[in-house]
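Open the structure in your viewer and keep the selection panel at hand. Each stop below says what to select and what is there.

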Amino acid sequence: MLSTGKKVYARPKRSMRPLLKKTIIYVLSIVLAMIYLLPFYWTVIKAFRNSIFANFPPNLNPLSETSLSYFLANLRTVWSFGDFPLWYFNSVFVSACVVAGSVFVGMLSGYAFAKLKFPGRNVLFYAVLATLMIPFPVISIASYVFMLDLNWLSTYQGLILPQIASALDVFIMRQYFLTIPEEMELAAKIDGLRPWQIFFSIDLPNAKPAIAAATIFSFIGSWNNFLWPLMEVHSLNMFTLPLVLNFFKGANGTQIYWNQMMTVNILTMIPTIAIFVAFERYFINGISMTFSDGR
Amino acid sequence: MVCLNTEVYQVNKIREGKKKNKSPEKMTGILFIIPLMIFISVFTFFPAIYSFVISLFHYNPFFHSIYFTGVSNYIHVVESPAFLKSLLNVLLYTAVVVTVQTFLAFVYALLFNTASKISRIARAIVFIPAVVSPVSMSIIFIWVFSDSGLVNFFLSFFGIAPHNWLFSTEFAFPAIMAMNIFTTAPYFMIIYSAGLQAIPQDVLDAAKIDGITSAFARFRYIYFPMMRFSTVLVVILGLTGAMQLFDQIYVITDGGPARSTYVPLMYIYNRTFVYIGDIGLAAAASFVLFVIIMALTITQRKVITERTW
């Protein structure tokens, strides 16, 4: 667990050094955080402005030239641009389906790999491991041709189904189920519950942190996915937000209307950032859980 | 990659020995695994094999022309100047980005390795670029590096003349490298953070008694050796990620100017969708890339795990 830090031991000799060290660490942390916030800060204030170009030097004053009415005007322009509401819906719908599918699939198989004994378990687990070694771009061409053959280009199923099998979700779930003690299930077994009943009534309700982590990972992965929609979608009405952003960039010829662009960008980033901020702990634990070593 | 916990495996084995009535468990196990296996087979294994088959053919699905060509696609790919240039670019990119981001990730992790609220919040803020889509980051950084952007603004304090970074053959690629280091270092920071948290306090206390008190000595004798697993992970994940660079290039420079930012995936994409024609060529290029990624991963792993510090 990352949230529980190291214990601070009382030192026998009190000097100014630890305090100084602490101050330096805090100052550096805050400076680094500010550097990281700067591009986002600029994105936000740009969306609250009326000027469509980037002027030099950049006006970083949040109070000058900004107004809520400018933002609302930008929002209206963007929202009525092309099929924006449909594009937004596409992103939400595709991500929702991918999350539901991959978490469900990951849940069942993660449990099976962690807790159930069945023939070929190890071989199949190595097969899942092997998918991690195959980068998506390597199979993207064949996937595209496959979709072409099925006549699934620019369809929801074509966008959603290839994104569902996620080894990452399987690992998150498996790692978590491995930590659930055997005794809990043993008690249920004595009570005569069948394996699937044990899974649904005992292990699954306990797996909320792992489900949360898997959900966040697959949501962010699918929401941000660019290469697959770029290859798979050939009609405007199936666009997802990353494609919209890229489309918008070229929509006004060589001229980018920065304030509208940044409004689209904010609309695109809000769900991921909101989810990250709300579930930060699960997210970070999820990464450490997946990549924890077997020391 | 993800390590198998050998201890848990052994525990599982002991546990399995005790079980008598296995058949309902067997059934459930197989049933639970079926959905995953269907998806993996249809959308990963099948395309992987299909990809290899396509790479042996001249294949143009748009004009329905298809005939067997053997390895000639591979020969064409490795002799193509565009592909070689893209490979050279991505190798340079990998060398620079993986080195710098690994170092930065470690520094960030050390910096935020305190239990205070300030560190927690700062770490969460620093992490935000890692959850935002590469396309969004690209859009923001087009502005950051533009002639009227933030980079020029800060450089102007030092009397450096404004420059249109993304339109110059010298600076476009370094600019994209810098942007990606900015976004990926926080991601790998989490892996190091988890590793640092796993160092027991006793080790640090014992080291203090042994006279390891300076920050450098602590780094040299405790953090660095104990973080070896994390480093293997960060380097390998960084490597595979770097070799798959595409989104940012496509959005920001489209491979230009003058192919200075051309990468293998750009070549693969263009072969399929821009110079509409030979998908077999694109598939062959993707396999060459795959082999290089595998070779790099395996050698990296060997070098890092076998060497003892």
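This is a predicted model: local features need pLDDT of at least 70, side-chain atom pairs count only at pLDDT 80 or more; totals for chains, interfaces and linings use all residues.

Residues are numbered from 1 along each chain as its sequence is written, chains are lettered from A and ligands numbered from 1 in the order in which they are written, and side-chain values use heavy atoms, with hydrogens and water left out.

**Stop 1: a loop residue**

Select B:T114. It sits in the loop between α4 (81-111) and α5 (117-131) of chain B. Helices (H or I, at least four residues) and strands (E, at least two) are DSSP runs, numbered from the N terminus. B:T114 counts as partly exposed because its relative accessibility is 31%; buried means under 20%, exposed over 50%, partly exposed in between (1.4 Å probe, protein chains only). Leaving out residues up to four places away in sequence, B:T114 touches A:Y26 and B:S119. Contact means heavy atoms within 4.5 Å.

**Stop 2**

Colour domain 1 (25-68) and domain 2 (76-304) of chain B. The bounds come from an automatic or database domain assignment. Their centres, taken over C-alpha atoms, are 31 Å apart. Where they meet, 11 residues of domain 1 of chain B are in contact with 10 residues of domain 2 of chain B. On the domain 1 side, α2(B) gives the most, with 5 residues.

**Stop 3: the interface with chain A**

Show both chains. Here 113 residues of chain B are in contact with 117 residues of chain A. The buried area is about 10,300 Å², of which carbon and sulfur atoms give 76%. Buried area is the accessible area (1.4 Å probe) that two parts lose on being put together, summed over both.

How many salt bridges does the rule find across the interface of chain B and chain A? The rule finds 1. Select B:R120 and A:E280: their side chains meet in a salt bridge (3.3 Å, N to O). Finish on α2(B), which gives the most to the side of chain B that touches chain A, with 23 residues.

Key. A salt bridge is a side-chain nitrogen of Lys or Arg within 4 Å of a carboxyl oxygen of Asp or Glu.
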